[in-house]
Amino acid sequence: MASTRNRGKLAYKILFWFLLISLAPMIFVGWHLVGITQQSLRKETLAMQESLAVGFSDTTYKYVTTFRNVLTETAGLEDFVSMNPVKQQQYLNRILQIHFAVLELSVLNEKGVEALRIGRFLGNAPEMRDFRAEEVYTGAMGPRGQFIGRLERFQGLYPTVTISVPIMDQRVQPAKAVGVIVARVSLNGLSTMLAMEFPASGKSQAAVMTRDGFLIAHSDPREIYRPDARMPPEVEKVLTSQDNVKGGGEIGLEGGKRLLGAFSLIDKLDWIVYVQQPVEAAYQTAADMKAQIFRVLIWVVLFTVLLSLAVAGHITQPIRILKEAADRLGKGQFEDLPEVVTTNDEIGDLAQTFLGMSESLKEKTGELIHAKQELEKFTKFLEKRVDSRTRELKAAQDELIKKERLAAIGQMASVVGHEIRNPLAVINNSIYFIKTKLGTGGEPDAKITKHIKIIESEIQQANGIINEILTYSRQRELQLEKVRINDWLEELLSVYPFPAHIQVEKHFDPANPFVEIDKTEMQQAVRNLIGNGIEVMPAPKGGKVTIRSIIPEAGWVRVDIADAGSGIPQDVLDKIFAPFFTTKARGTGLGLAVVRKVVDHHKGKVDVESTVGVGTTFKLYIPTTA
Amino acid sequence: MAKLPKLLIIDDDAHLRESLAEVLELDGFECHQAGAAKEGIAAASKIDPDAVIMDIQLPDSSGFQICQELRKRSKITILIMMTGRFLSSEEKKQGFELGADEYITKPFDLAELSARIKQLLSRNAAKGQ
């Protein structure tokens, strides 16, 4: 199956045409050759059979005439003419002794009556017959001077012929017939000769017969020694109807068998010599030739098939490779294509064209793929843009919501703050009044003093809370000032009321870049961070607050405010910048929210790093300016 | 006995005015009170105060609006504005242009306020001589 698929249909077409081209003339020529051969063989065979028949007719005639001559010679003898029966018997006995074929001898007197009769199988006193009216006598006595005929079967089996010649008395003029000498001769010798000439092992047979069908001799002994021996009726019919002296042709027997027969007429005896052989035997050579041609044909077919397969394979191989390559191309595989053979012919041209096409296809596909990739990239880019725009919008919206919310909170806080500040102010005034009054009247009660202090402290605290809320919710325009970061930090730290238990450490970047900040707001942010740092390191232990300025990358300065407090756990760390989130017992939770708001306001960012038990570092990123 | 400096306190919150007035009276000021802008202007015309302490937001008018009115009276030397909210720089600037001398945010440190008024008064007195 694999080889079938490998060769393809083209190979079989080529094979078919090769076979047709090579076999058709051969079959044609072979056919004709066999025909011609058969024709000539037929002629040749017929001619040969004819000559055999002619030859044998001659032999037969000679065979018969030998006996006639013996009779003629004997009849010419003086002793015989004298018609002395004793003498005659002596001669006749001698003939019987010499010629085994002679079965019987008689002498007829001039009247045609048997005067003497001897034979091999006759008794001592055989019957004397009268031949006056018979041809045996009249023929011999007639102008022909002889008689050869009267064919009979001796003992019903063996063909015999009767020959008679006149006994002429030469002593008188003209010579006068005084009697007739008659011999009955066995014709078995003819059959024996035929059998020797045409042996049973051969295919040919020969026969001698009379015109009326009496079978005289046959090469096959089984055919001749029979009471009813005759040739097959078809043969007999053909032979007895011939007018020619010799001839031949095909004879069809009953049962389909065909014979090639030839005949020759022994006109003096009016006998027919017939030679036959089966057509198959006659055409044996033609059949051999046919077989030979057939064998050659088979070889030619085999050779042609192999040759065509080889040639077809050779021709179709590059085409199949091309097809395979084209199939792969069709599947979009441009790499690892089968090696296309570029021969110096049309197939080579096709391969060249194919290679060109595949290159072009590859290029075009590459371009397509590239374009597709570009498109995908562009689509992705667009999607990203859309995403980012969406995010921006969302952020802007969130920002807006936040701002609105802050504005609302601010408004409310402002109102509430104002409204609470009034009573606070009143309380403050009143307690001041009381304190002053008490002070003028001597040393006041210690507990009263203590409680006045508590009230004052709480007023401060309440005021602080209001301040934080108002600061966080205040919507104000930035009032940017260009300052050197280190100088500004230095100024801020110099007035910050650090408690005694806190150490302050400063590490300022020598670059000391310029920043544009709203000093009030940024100060608030830094102060909140420092304040937080101080709060997580309470007295008496205290701790260290470290303030740093660093340039993390071009265009930015980072202000770190680090404490050595207890640190902030990670889960808390995420929420510390949210407004109102607090872990303190008292606090608005707005300190770090303010920090973030301020930093955001400055287009910076705030980061925090904390390790529990080590401390927390807040990092403010502020954009620098030239 | 030297004449006590006269203060006019204008605020719609009676408790605030009263408590402030009484505290400042302890510190040696002669305090007058008014609950609204109109009333305040009338009182100022009548009593001719040395200093005015007034709320920025009054029921009938903005404190800033009456600054000018009060300034027309040359005797009024000091104008202190009280506020319960944050003031923007713009507002503060406007206030200063209209004649305000000082801003204080409620609740305020009374000792500091008293000292500040006294300081401003003595400075003006020194200028006047």
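Reader: Leaving aside neighbours within four places in sequence, which residues is A:Leu92 in contact with?

Author: Contact means heavy atoms within 4.5 Å. On that rule A:Leu92 is in contact with A:Phe80, A:Leu105, A:Val107, A:Leu116, A:Ile118 and A:Ile181. This is a predicted model, where local features need pLDDT of at least 70, side-chain atom pairs count only at pLDDT 80 or more, and totals for chains, interfaces and linings use all residues. Residues are numbered from 1 along each chain as its sequence is written, chains are lettered from A in the order in which they are written, and side-chain values use heavy atoms, with hydrogens and water left out.

Reader: Which residues touch the most other members of the largest nonpolar core?

Author: A nonpolar core is a set of buried Ala, Val, Leu, Ile, Met, Phe, Trp, Tyr and Cys residues joined through side-chain atoms within 4.5 Å; buried means under 20% relative accessible area (1.4 Å probe, protein chains only). Here the largest core has 43 residues, and A:Leu92, A:Leu105 and A:Trp271 touch the most other members. Helix H1 of chain A (residues 2–76) gives the most to this core, nine residues.

Reader: How much area do chain A and chain B bury between them?

Author: Buried area is the accessible area (1.4 Å probe) that two parts lose on being put together, summed over both. For chain A and chain B the value is about 1,900 Å², with 62% on carbon and sulfur atoms. A:Arg421, A:Asn429 and A:Tyr432 supply 31% of what chain A buries against chain B, more than any other three residues.

Reader: How many salt bridges does the rule find across the interface?

Author: The rule asks for a side-chain nitrogen of Lys or Arg within 4 Å of a carboxyl oxygen of Asp or Glu. Between chain A and chain B it finds zero salt bridges.

Key. Buried means under 20% relative accessible area, exposed over 50%, partly exposed in between (1.4 Å probe, protein chains only). Helices (H or I, at least four residues) and strands (E, at least two) are DSSP runs, numbered from the N terminus.
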